[in-house]
Amino acid sequence: MSAQRRKVVVYEYTNKFGDPLVKGELGTGIFHQFGYDCMEDDRGFSSYSTAIVEMPDGSVITPAANMIKFINDESESGNGTNTE
C-alpha cells in the first residue's frame, strides 16, 4: 500500500541590496516526510524540524518545517508574490 504524496508550496526569505528580509514563494514540490537538521554557531548547537521536499526538476530540498504550506491543487499556490 503506498501513501498519496501531497503537494506543498515552499517559501524562502530573500533580501535585495540591504532591504529587510521578505518571505516569498520558491515554488511547488512534493512532500515526502519531516526530518530534522542541526546547525552550530557561537552559542553552540541547535536543531530544528525540516520538510523533505522533491522539486519538479528532481532535486530534493529540506526547508525548515515552517517554510512549507500543504496545498490541494495548483489554484491554492500563491501567485509568486510575498506572503504575510
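This is a predicted model: local features need pLDDT of at least 70, side-chain atom pairs count only at pLDDT 80 or more; totals for chains, interfaces and linings use all residues.

Reader: In what order do the strands of the open sheet lie?

Author: The order is β4-β3-β2-β1-β5, five strands in an open sheet with antiparallel pairing. Strands β4 (60-61) and β5 (68-71) stand at the edges; each has a single partner strand, so one side of each lacks a neighbour in the sheet.

Reader: How many bridges pair β2 with β3?

Author: Strand β2 (residues 22-41) pairs with β3 over eleven bridges, in the antiparallel sense. Among the facing residues, Asp-41 stands opposite Gly-44 of β3, and Glu-40 has Phe-45 as its bridge partner in β3. The two strands form a hairpin, with two residues between them.

Reader: What joins β3 to β4?

Author: Two bridges do so, and these strands run antiparallel. Val-53 stands opposite Ile-61 in β4. The hairpin of β3 and β4 has five residues between the strands, and in this hairpin Gly-58 takes a positive phi near 95°.

Reader: Where do side chains point in a regular strand?

Author: In general, they alternate between the two faces of the sheet.

Reader: Let us turn to a single residue. Is Thr-50 buried or exposed?

Author: Thr-50, which lies in strand β3 (residues 44-54), counts as buried because its relative accessibility is 3%, and the cut-off for buried is under 20%.

Reader: Which residues does Thr-50 touch, leaving aside those up to four places away in sequence?

Author: Its contacts include Gln-33, Phe-34, Gly-35, Tyr-36 and Asp-37, and also Thr-62, Pro-63, Ala-64 and Ala-65.

Notes. Residues are numbered from 1 along each chain as its sequence is written. Side-chain values use heavy atoms; hydrogens and water are left out. Helices (H or I, at least four residues) and strands (E, at least two) are DSSP runs, numbered from the N terminus. Buried means under 20% relative accessible area, exposed over 50%, partly exposed in between (1.4 Å probe, protein chains only). Contact means heavy atoms within 4.5 Å. Two strands pair if DSSP finds at least two bridges between them.
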